Every structure is written in structure tokens, then in C-alpha cells.
Amino acid sequence: MRINLKKAYRITFIAVLGLLMMANLAFAANKYATRTTSNDLTKPAGFGEVVVNIGKVHNYFTNNTNASSADEQTFLIGKDDLSSPSMMWLEGGYSDNHYLYFGMMRCAAGGNEIRFNSLTSEDWEVKKNDPKAVSPFEVSFSMSDELAGSLKKGIWARQTVHAWSESYRDDFFIIEYDFVATEEDITDFYAWYHMDCDISAAAGGSGALGFWRDDFPSYYMGTDANGNPESISYMFDADNPNITGDDTFGKLSPKESTGFIGSRIIDSPPTNDSTVAANTQSGHQWWDWNSDPAVGGEFYNLAAKKEFKPDPGSPHDYRYMQIVGPFTINKGDTLHIAFGYGIGEGLDGLRKNLQWAYDLYWNDFNGPAAPIAPSAT
């Protein structure tokens with residue numbers, strides 16, 4: 001019997017393709033299995049990555065691009081494959097407790113998202129115990145949207161991360177951003193933190209469901225003890241309905257996931273329409289990870305709503321969006337914004353820690369410092 005080789009190849013190809021499609025369906029419920037990580041992609045000339053680990057919160061930062069489908073994700077916070085600390089909180093005795101899947105700064109203007117490209121980043125810099133720096137651990141880099149094609153707006157941006165080791169400021173990072181309009185005035189610029197917080201220690205999780213499908217997003221809007229605006233978006237580990245008993249904050253004893261993780265606006269100008277005061281967020285959104293907004297215009301529309309979405313009815317695997325804007329950036333001008341991002345024991349603990357971040361920032365980063373180690377002979 002003669003075999004038509006071309007036909008055989010076609011049959012083999014179709015069979016393999018079918019198996020791959022079935023495998024994708026089988027893994028679709030697990031975002032860790034479907035996510036493309038930054039290690040899979042070409043690294044830019046100015047590529048850098050570092051784990052900031054001098055305080056009680058350890059986290060991975062990079063200027064590399066992590067691509068998920070057509071989505072370019074830059075200014076990345078956290079490591080989405082658990083190979084490096086991702087907002088790992090050392091409180092409570094559970095050193096493997098990662099509170100973040102991944103997060104990032106995103107921006108939009110003119111009806112669409114701004115596509116920064118890490119191939120334009122050539123100035124990655126890490127400073128440790130530099131007497132000229134404002135913190136003992138600093139990470140900074142810049143990039144632009146030069147390679148964004150038809151979506152190019154002409155934006156240059158820099159991110160700078162600050163971290164400390166003293167007990168009153170070791171549970172958070174202060175992260176600053178500068179945005180420069182390089183080609184034209186931009187009158188409707190929005191920026192937001194996109195955070196997917198997966199809260200649980202691996203030791204206390206019950207498979208994927210216990211690890212990342214029992215989180216709850218919310219926000220706090222008020223005035224702090226000093227009369228300043230207090231705008232926080234946060235998440236915590238809630239009761240998983242698929243696990244017997246109440247496993248809020250974890251299922252071990254002592255509880256392994258008592259922290260609340262969140263971000264506070266500590267520096268932003270009033271919006272260009274004067275409807276939102278300085279240092280105040282203009283919106284809070286959340287969604288299930290399987291319902292990500294379409295890249296581009298849908299993100300812009302969510303930001304432009306300036307809406308504070310009510311809390312969900314039950315815990316699940318959510319992502320939150322903490323929004324500032326709209327702002328006007330005239331050509332050649334710089335927009336500066338800053339966030340405090342950290343973890344605390346319950347909402348009160350988170351607010352307390354981010355209060356330190358706010359006060360430290362507005363006191364020119366000056367605060368009580370650890371004594372200089374004595375010398376001995």
C-alpha cells in the first residue's frame with residue numbers, strides 16, 4: 001500500500017494542532033499556566049531586573065516587557081511565575097507568602113492606551129547605600145512610546161523606586177513617575193496602577209483555588225490624621241467558598257495571610273477639570289482576571305469614567321485599577337505623580353504604613369534613621 005506523504009503530514013499536523021487546542025482549554029482555568037513571562041522575550045539593550053529586599057516586603061522590579069497576547073506590559077512590579085519575590089511579606093513567619101501576581105503602571109490619552117516599549121530603555125540604574133540617594137535602595141529607569149507606531153503620542157516616562165530597612169518604613173515602597181510630553185500638548189492623560197494581587201502563602205494554599213481565587217478588592221477614601229487626602233485601593237485574602245470553614249486571612253494557625261496589600265496616592269496634581277483634588281485618585285475599578293478589558297480603548301474608557309466601582313458580591317481572582325487624571329501635559333512639561341505601595345496588618349495596618357509613606361515623601365524623605373554602627377577596637 002502506497003502512502004501519500006503530503007496527506008500523512010497534513011493528518012499529523014491536524015492531530016497535533018487538535019491536541020494543543022485541547023491542552024489550552026484544559027489549562028485555561030489556570031492563569032499561571034497560560035501567562036507568557038518576561039523570560040520568554042527579547043531583552044532590551046538597557047535591560048535590568050532586581051529584587052528589592054532590604055525591608056519586610058521583598059519585590060521584583062524590571063524594565064523588560066512582559067507580553068500577554070497583544071498586550072505590552074511595561075513598568076512591571078512583581079514576578080508572575082513565582083520564581084522571584086512578588087510583594088513577599090516577611091511578617092507572621094511565612095517567608096513564602098507572595099501577595100502579588102503582577103502589577104504595573106499603565107497610561108492612556110486620546111481615547112487609547114499609551115504603548116511604552118522597553119526597547120527604548122537604556123538607563124537602568126540600581127543604587128545601594130549611595131549617600132547621594134534619598135533612600136538606601138533605589139531603582140530607576142525610563143522609556144518612551146517611540147516604537148508605538150500609529151498609537152505614538154510622544155511620551156517619555158521615568159520610574160524610580162525607593163525602599164528602606166527601618167521598622168517604621170520597611171513595609172512599603174515609594175514609587176515615583178515623571179511623564180514628559182515630547183511632541184505635542186496632551187490634554188486628557190490618565191495613569192493608573194493595574195494590580196493583580198494573589199494573596200496566600202504556598203504552605204497554606206489549597207491548590208490554585210486556595211492561592212488566588214479568594215481575594216477581595218476594595219478602596220478607602222477619606223482624610224488622614226493630618227487632614228490630607230487619603231486615597232487607597234487594596235485587596236485582602238477573603239473566605240474561599242470552595243473550602244470548608246472560614247479561611248479568611250488563611251487556613252493555617254497562626255493565619256498566614258493577614259496582610260492587606262494596597263497603594264495610596266501620595267502626589268498628583270488636581271485634575272484638569274478641577275473635579276478631583278490634588279493627591280486624590282479619580283477612580284477605582286476591578287474585574288475578574290478572565291474578563292480583562294480589551295487592550296487600548298477599553299482601558300481608556302474605564303479610566304475616563306472616574307467611577308468608584310462598588311465592591312464585588314463575593315471573593316474571586318480580581319485585578320484592581322487605581323486611577324489618577326485626567327491631566328494636561330503641555331509639550332516639554334513634566335507631570336510628576338507618586339504612589340506608596342505596601343502591606344499592613346489589616347486595613348488599619350495598611351493605612352498606618354502608607355501614612356508613613358505619605359509623610360516621609362512630603363518631608364523630603366527625611367525621617368528617623370537607624371543609628372550609625374559603632375566602631376570598636
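Modeller: Two strands are said to pair if DSSP finds at least two bridges between them. The model is a predicted one.

Colleague: What makes β13 and strand β21 a pair?

Modeller: Nine bridges link β13 to β21 (residues 334-345), in the antiparallel sense. The requirement is at least two bridges, so the two strands pair. Within this pairing, Asp178 stands opposite His336 in β21.

Colleague: Which strand is joined to β13 by eight bridges?

Modeller: That is β12 (residues 155-163), which runs antiparallel to β13. Here Arg158 stands opposite Asp178.

Colleague: Why is His194 called buried?

Modeller: The cut-off for buried is under 20% relative accessible area. His194 has 2% relative accessibility, and therefore counts as buried.

Colleague: What does His194 touch?

Modeller: Leaving aside residues up to four places away in sequence, its contacts include Phe102, Trp287, Phe299, Arg319 and Tyr320. Arg106 is also among them.

Colleague: How do you know that His194 and Arg106 make a polar contact?

Modeller: Their side chains are joined at 2.9 Å. The limit for such a pair of N or O atoms is within 3.5 Å, so the term applies.

Colleague: In which strand is His194 found?

Modeller: His194 is in β14. Strand β14 (residues 186-196) pairs with β20 in the antiparallel sense over seven bridges, and Ala191 has Val324 as its bridge partner in β20.

Colleague: What makes β20 mostly covered?

Modeller: Of the 12 residues in β20 (residues 318-329), 11 are buried.

Note on methods. Residues are numbered from 1 along each chain as its sequence is written. This is a predicted model: local features need pLDDT of at least 70, side-chain atom pairs count only at pLDDT 80 or more; totals for chains, interfaces and linings use all residues. Side-chain values use heavy atoms; hydrogens and water are left out. Buried means under 20% relative accessible area, exposed over 50%, partly exposed in between (1.4 Å probe, protein chains only). Helices (H or I, at least four residues) and strands (E, at least two) are DSSP runs, numbered from the N terminus. A polar contact is a pair of N or O atoms within 3.5 Å; within protein, one must be able to donate a hydrogen and the other to accept it, and residues adjacent in sequence count only if both atoms are side-chain atoms. Contact means heavy atoms within 4.5 Å.
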